[in-house]
Amino acid sequence: MAEEILTAETRLVGKEAARLDAVAKVRGQARYADDLSFPGMLFVKAIRADRPHARIITLDLSWAERHPRVVCVVTPEDIPGENVVPVIYRDMPLLAVGVVRYVGEPLALIGAETPEAAEEAAALAQVTYEDLPAVLDPLEAIREGAPQVAVPEAAEAGNIFTHMVIRKGDAERGFAEADVIVEGEYRTGYQEHAYLEPQGVIAVPEEGGMAIYGTLQCPFYVQNAVAAVLGLPLSKVRVVPTATGGGFGGKEDVPSQLAAMAAVVAAKSGRPAKLVYDRAEDIISTSKRHPGVIRYRTGTKRDGTLVAVEIEFYYNAGAYQTLSSAVLWRALVHAPGPYRIPHVKVDAYSVATNTVPCGAFRGFGSPQVIFAHESQMDELAGRLGMDPLELRRKNALREGDETATGQVLTESVGLPQAIERAAELCGWKGLRREVDEFNRQKKFRRRGVGISTVMYGVGMGAKAPLLDKAGAYLKLEADGSVTVAVGNTEMGQGATTVLAQIAAETLGVKLSDVQLAPVDTSRVPDSGPTVASRTTTVAGAAVLDAARKLRARVEAAARGFFGVDEVEISDSQVWPSGEPGKAVPLSEVAHWMWVHNWDLGATGWAEGAPVDWDPDTGLGKAYFVYAYACHIAEVEVDLLTGEVHVRRFWAVHDSGRIVNPALARGQVAGGIAQGIGYALMEELKSEGGRIVAPSFTAYHIPTSMDVPAEFVIEFVEAPYSGGPYGAKGLGEVPLMAAHAAVANAVSQATGGRLREYPALPERVLELVEGA
Amino acid sequence: MRKSGPVEIVRPKDLREASSLVREGGMPLAGGTDVFVRVRKGLWDPPFLVYIGELPQLRGIEPREGGVEVGAAVTHAELLRSPLAAQLPVLRLALSTIGAPAIREMGTIGGNVANASPAGDSLIPLYLLEARVNLVGPEGERSLPMEDFILGPGKTALRPGEIIRSLWIPFPEGKPLPYFRKVGRRRALVIAVASLGALFWLRDGVVEKARLALGSVAPTVLRPREVEKALLGKPLDPGLLRPIADELSRLVNPISDIRATAAYRRRVAGNLLLDAAARLPRA
Ligand SMILES: Cc1cc2nc3c(=O)[nH]c(=O)nc-3n(C[C@H](O)[C@H](O)[C@H](O)COP(=O)(O)OP(=O)(O)OC[C@H]3O[C@@H](n4cnc5c(N)ncnc54)[C@H](O)[C@@H]3O)c2cc1C
């Protein structure tokens with residue numbers, strides 16, 4: 001990207017535009033999955049396994065079929081195409097055959113005239129099983145003689161789905177050179193996405209094919225899955241995302257499963273079929289953040305210079321692969337943290353167990369290891385008698401440094417600035433003194449300040465570069481308004497607004513003249529999945545490319561229109577250069593172009609910059625660019641009850657150029673809240689492979705009372721030459737950084753060391769009393 | 001399993017009709033914040049519901065000689081907004097921790113009492129203030145002290161056809177220091193893992209009289225009278241109260257459940273007494 005675009009004066013990029021979807025959402029006009037209804041629509045209910053691991057002996061659906069309002073019952077034999085939910089591997093069947101591998105696995109489907117009838121009929125299904133030994137814990141699943149959970153073709157060995165490594169330098173030599181070494185095991189549990197809108201889709205048969213409407217992040221994944229189960233060409237399946245009430249990764253792969261289920265019912269009955277989960281079904285049967293068992297050993301010189309790290313971790317993937325290998329890869333690359341470390345050894349494992357498959361969740365495998373690496377940094381600081389901020393400052397990656405995978409960072413490394421700015425905003429030294437003073441005065445309360453620094457590889461990275469591409473289509477309408485078509489979804493993050501800003505900026509039109517076309521896979525270009533904090537960066541670059549082409553054409557036409565050599569366009573006005581008095585509305589030029597048969601459309605294309613990776617050593621250019629953040633949290637711990645309150649929070653991010661600061665701050669604030677929940681309260685209990693109490697009465701997420709009154713959010717912008725106007729990704733980073741700052745603050749306040757999430761009052765009281 | 005099909009709601013015109021409908025097996029429905037949740041989950045399966053939430057006889061907040069009579073269908077939010085609540089600070093403290101604003105606008109004090117949960121937050125101040133439950137039923141009216149009305153988790157002394165009409169809340173003598181603290185997994189919209197409410201009457205820097213009530217640490221809200229007595233003559237100094245706090249920990253009878261272990265509840269029960277002492281003025 002040309003240098004000038006990074007420094008150019010902008011009209012709209014970098015400004016706080018209101019969200020394009022705000023009015024419809026505030027007025028209640030946005031239509032979510034369950035708001036849609038089609039004539040003759042059936043309601044789908046899955047019959048699910050209630051055993052973690054068992055052979056299916058009989059499946060008797062005769063009573064269910066006799067229910068007067070049941071229209072059709074679907075078993076594996078009724079699937080016209082392949083019985084599979086294709087994700088990365090093809091090990092997960094749409095409907096279980098022979099064996100069930102987790103509680104909640106779908107066995108058969110009911111299509112009925114009402115949701116109540118579908119539910120009643122599902123309860124009439126009679127299944128007999130022969131129980132098989134189940135294994136629920138990843139460390140047990142890899143023991144010799146453990147029951148085989150993984151479908152063998154999808155696993156590397158036994159229940160190990162995937163094992164990946166980094167081997168850089170010589171860890172053993174590194175530790176031999178180290179003056180101080182710390183070691184620890186960390187554990188994290190499930191995290192539930194808690195999107196406001198549960199999963200839901202509707203499959204509607206149409207001429208020779210199937211249309212899918214639903215709440216989802218990745219329309220092209222869904223298209224692929226539905227085509228596979230129906231045995232249809234991709235061209236006969238179209239996917240239309242509805243207004244989507246939150247995703248956070250939970251609507252990356254899971255909607256493929258729902259859509260495929262609804263589609264087979266629709267195909268068999270010839271009628272539209274709706275499948276919408278209630279919260280309990282959603283919690284029991286959909287993906288969550290992988291629980292982890294994580295072991296670290298980190299060594300430094302006496303002056304705090306990091307020399308070596310050795311990491312081994314196990315993620316509980318659940319019964320099928322789904323996205324686990326991709327999640328594991330991001331975890332692998334992010335495990336050493338945003339530091340210069342010459343000797344790195346990482347072993348990452350994802351392990352099959354008889355539990356619900358885990359999947360994508362904001363941060364995608366990285367928050368677990370970030371908890372560990374940021375805890376290690378604080379433990380080291382303690383042992384070295386060094387300020388934890390100083391330790392990070394000393395080791396933080398700078399431009400020209402090499403990452404743990406041996407990638408040289410040639411540009412856009414804003415981490416040192418982020419650390420300095422965060423320290424400045426909170427008044428680090430004074431804050432620590434203030435806290436010490438408070439702690440001296442109070443008998444039963446202790447405050448603590450925690451810091452975390454993180455890096456985030458933007459986009460899909462070197463393990464799936466085939467997905468890091470995006471197409472865009474722009475059309476100048478004859479009245480000067482502009483339609484933008486991309487295949488990314490708006491799930492509340494503000495993507496459509498940001499893409500419209502990029503289009504309007506580049507074309508020289510008013511933001512209000514730009515409209516995003518509704519997404520429909522049959523009508524918009526494939527711009528890849530809406531994941532990996534990639535939409536602004538990659539789809540934005542495609543929009544920019546299309547907008548430049550279109551602008552060049554409009555300029556050429558305008559030169560003809562005015563009969564001059566040079567024209568200028570801004571704010572939907574066009575004028576001959578140097579003669580602003582002759583400005584005409586762009587609509588006039590657009591109309592003139594239409595009359596004179598100009599091509600008013602333009603396509604754009606973008607690809608992530610090249611990446612590479614050697615699976616044997618884990619070395620290579622893992623991601624084309626990284627985003628960075630430094631978070632600081634102040635907490636207060638009640639020593640009598642173990643309750644923790646996050647009092648204040650400072651967050652500084654480098655995500656390159658910020659296209660819309662208001663939306664960016666919203667992303668950061670939301671991520672901080674989710675991070676507070678992850679560190680302090682979110683706990684999903686299961687017993688014998690069954691999730692107990694799948695509701696928000698038992699699974700607590702933070703309320704407005706649980707987030708700090710004071711939130712300071714800022715951006716240091718280290719522009720990225722490959723991103724539109726210098727933008728990098730942001731979406732996932734805030735959550736990744738926030739929980740670790742809170743965890744470190746809790747440890748500091750209690751004088752103990754938190755090694756397991758969540759820091760519930762009971763666990764914190766143990767820390768207090770053990771300290 | 002969710003109940004399928006709607007449950008009928010009947011609207012009686014007065015208390016008499018309400019009582020006879022309840023006698024026929026109908027379940028009283030006030031704010032519905034417990035009823036709807038449980039009916040939907042299939043935990044309760046009443047033949048029909050009797051909506052008493054707007055019966056005028058249940059809606060008043062009436063100051064009387066020495067106290068206030070609060071209609072059973074008065075919502076937590078109404079009570080918090082009423083000037084009388086200012087005279088009962090311990091009630092205010094407890095009510096303002098119930099659920100979140102929406103729940104407080106819907107949920108009623110009568111519903112909270114009838115529900116008889118050991119975690120019912122309004123129960124703590126009602127025990128402390130030695131409130132009475134006024135009942136009306138087919139055999140006329142009667143009145144019971146809170147402690148005799150609540151028999152166990154979800155169990156009350158309500159007889160067939162009886163409805164809670166009101167709560168009689170006497171004003172305490174003098175100006176006791178109020179304390180209420182609810183410990184939970186987050187700061188709002190949460191069920192108590194353990195809670196302590198207290199009234200302390202101090203004279204010359206020592207406790208002259210004390211009442212304590214604990215939630216979620218026994219099958220019902222608990223008044224630990226031994227501990228109340230042990231506090232007499234002691235200053236509110238957390239440094240000196242550790243043995244009494246330990247005694248309190250021993251006395252409670254909690255269970256382990258999805259929210260916390262019994263051991264934690266026991267520990268916190270005692271600790272909350274120290275917290276009260278640390279937070280309240282010493283004289
Ligand atoms: C999200 C949520 C959060 C909550 N948080 C809290 C909390 O923090 N603390 C807390 O204590 N509770 C909490 N609750 C429980 C509930 O809100 C309270 O118990 C409330 O006071 C119940 O009052 P209601 O009017 O809604 O009762 P209803 O649901 O209408 O009735 C509850 C029970 O009482 C009976 N009943 C009602 N009125 C009478 C009467 N006059 N005579 C005889 N029987 C009667 C009903 O038949 C039923 O058995 C919460 C509930 C929800 C849904």
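Ala, Val, Leu, Ile, Met, Phe, Trp, Tyr, Cys and Pro are counted here as nonpolar, Asp, Glu, Lys and Arg as charged, and the others, Gly among them, as polar. The structure is a predicted model, in which local features need pLDDT of at least 70 and side-chain atom pairs count only at pLDDT 80 or more, while totals for chains, interfaces and linings use all residues. Residues are numbered from 1 along each chain as its sequence is written, and chains are lettered from A and ligands numbered from 1 in the order in which they are written.

The ligand is surrounded by 29 residues, the closest being B:Ala30, B:Gly31, B:Gly107, B:Gly111 and B:Asn112, where a residue is near a molecule or strand if its C-beta atom, placed from the backbone, lies within 6 Å of it. Two or more residues of this shell come from each of strand S2 (27-29), helix H2 (35-41), helix H5 (101-106), helix H6 (109-115) and strand S10 (163-170) of chain B, these elements being DSSP runs numbered from the N terminus (helices H or I, at least four residues; strands E, at least two). H6(B) gives the most, with five residues. By class, the shell has 16 nonpolar, eleven polar and two charged residues. Because domain 1 (9-51) and domain 2 (56-170) of chain B both give residues to the shell, the ligand lies between them, with domain bounds taken from an automatic or database domain assignment.

S10(B) pairs in the antiparallel sense with strand S5 (residues 67-71) of chain B over five bridges, pairing requiring at least two DSSP bridges between two strands; here B:Glu69 stands opposite B:Trp168. Strand S6 (residues 132-137) of chain B and S10(B) are likewise antiparallel, over five bridges, and B:Leu135 has B:Ile164 as its bridge partner.
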